[in-house]
Amino acid sequence: MHYVISTTWGPTDVTRAALPFIFAASALQAEDTVMIMLFHDAVTIAIDGTHQKMIPFGPPSKFAEVFSNSNAKVLVCKPCAEARTIREDMLVKNAIFGGMDDLHQDVSRPDAKFISF
């Protein structure tokens with residue numbers, strides 16, 4: 001199965017920001033593939049050094065686990081990032097800029113399930 005996850009939550013609510021990553025880690029553990037698209041405030045999670053400081057209340061953090069997994073693709077909304085003066089060279093190693101065309105491409109896969117947080 002291929003899970004396509006869309007999220008807008010970032011450091012303003014760390015627990016909500018963690019939920020899509022917790023789900024993604026569970027999917028990856030089951031040997032599924034994952035694409036997470038970060039929009040709005042969530043784009044800041046992908047800035048190198050940011051997710052390491054984010055500690056959710058309750059569930060364990062899974063940010064690093066997802067960012068480092070070769071079966072996970074993390075896309076950062078380019079317009080959302082640029083509006084926040086975030087450059088692609090500021091992102092963690094496994095995150096790249098993307099857009100709605102990329103989201104549509106992944107959602108259109110026959111084995112895809114779409115989840116929005």
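Q: Why is Phe67 called buried in this predicted model?
A: The model is predicted. Phe67 has a relative accessible area of 5%, and buried means under 20%; therefore Phe67 counts as buried.

Q: What makes Phe21 and Phe67 an aromatic pair, and why is the pair called tilted?
A: By the rule applied here, the count comes to three aromatic pairs. In the pair of Phe21 and Phe67, the ring centres are 5.5 Å apart, and the cut-off for a pair is 6.5 Å. The planes make an angle of 45°; stacked requires under 30 degrees and edge-to-face over 60, so the pair is tilted. A pair of aromatic rings is described by the distance of the centres and the angle of the planes.

Q: Which parts of the chain does this pair link?
A: The pair links distant parts of the chain, with Phe21 in helix α1 and Phe67 in helix α2, 46 residues apart. Phe21 and Phe67 also belong to one aromatic cluster with Phe63.

Q: Why does Phe21 count as buried?
A: Its relative accessibility is 0%, and the limit for buried is under 20%; Phe21 therefore counts as buried.

Q: How do you know that the length of helix α1 agrees with its number of residues?
A: Helix α1 covers residues 14-29, which is 16 residues.

Q: Which residues of α1 are buried, and what do they pack against?
A: The buried residues of α1 are Val14, Ala17, Ala18, Pro20, Phe21, Ala24, Ala25, Ala27 and Leu28. They pack against β1 (2-7), β2 (33-38), α2 (63-67) and β3 (72-77).

Q: Why is Pro20 called buried, and what is it in contact with?
A: Pro20 lies in helix α1. Its relative accessible area is 0%, against a limit of under 20%, so Pro20 is buried. Leaving aside neighbours within four places in sequence, Pro20 is in contact with Ile5, Thr7, Ile36 and Phe117. Pro20 and Thr8 are twelve residues apart in sequence, and their C-alpha atoms are 9.9 Å apart in space.

Q: Why is His40 called partly exposed?
A: The relative accessible area of His40 is 47%. Buried would require under 20% and exposed over 50%; the value lies in between, so His40 is partly exposed. His40 lies in the loop between β2 and α2, and its phi is near 50°, a positive value in a residue other than glycine.

Q: Why is β2 described as largely enclosed by the rest of the structure?
A: Five of the six residues of β2 are buried, so β2 is largely enclosed by the rest of the structure.

Q: How do you know that β2 pairs with β1 and with β3?
A: A pair of strands needs at least two bridges. Six bridges join β1 to β2, and these strands run parallel; the bridge partner of His2 is Thr33 in β2. The chain crosses from β1 through α1 to β2, and this β-α-β crossover is right-handed. Five bridges join β2 to β3, again in parallel, with Ala72 in β3 as the bridge partner of Val34.

Q: What makes β3 and β4 a pair?
A: Four bridges join β3 to strand β4 (residues 95-98), in the parallel sense; the requirement is at least two. Cys77 stands opposite Gly98 in β4. The chain crosses from β3 through helix α3 (residues 78-83) to β4, in a right-handed β-α-β crossover.

Q: What makes up the largest nonpolar core?
A: This core has 40 residues, and those with the most contacts inside it are Leu38, Val66, Phe67 and Val76. β1, α1, β2, α2, β3, α3 and β4 each supply at least two of its residues. The largest share, eight residues, comes from α1.

Q: Which residues does Leu38 touch?
A: Not counting residues up to four places away in sequence, Leu38 touches Thr7, Phe21, Val43, Ala46, Val74, Leu75, Val76 and Cys77.

Definitions and conventions: Residues are numbered from 1 along each chain as its sequence is written. This is a predicted model: local features need pLDDT of at least 70, side-chain atom pairs count only at pLDDT 80 or more; totals for chains, interfaces and linings use all residues. Side-chain values use heavy atoms; hydrogens and water are left out. The expected span of a helix is 1.5 Å times one less than its number of residues. Buried means under 20% relative accessible area, exposed over 50%, partly exposed in between (1.4 Å probe, protein chains only). Contact means heavy atoms within 4.5 Å. Rings of Phe, Tyr and Trp (its six-membered ring) pair if their centres lie within 6.5 Å; planes under 30 degrees apart count as stacked, over 60 as edge-to-face and the rest as tilted. A crossover is right-handed if, with the strands pointing away from the viewer, the path from the first strand over the helix to the second runs clockwise. A nonpolar core is a set of buried Ala, Val, Leu, Ile, Met, Phe, Trp, Tyr and Cys residues joined through side-chain atoms within 4.5 Å.
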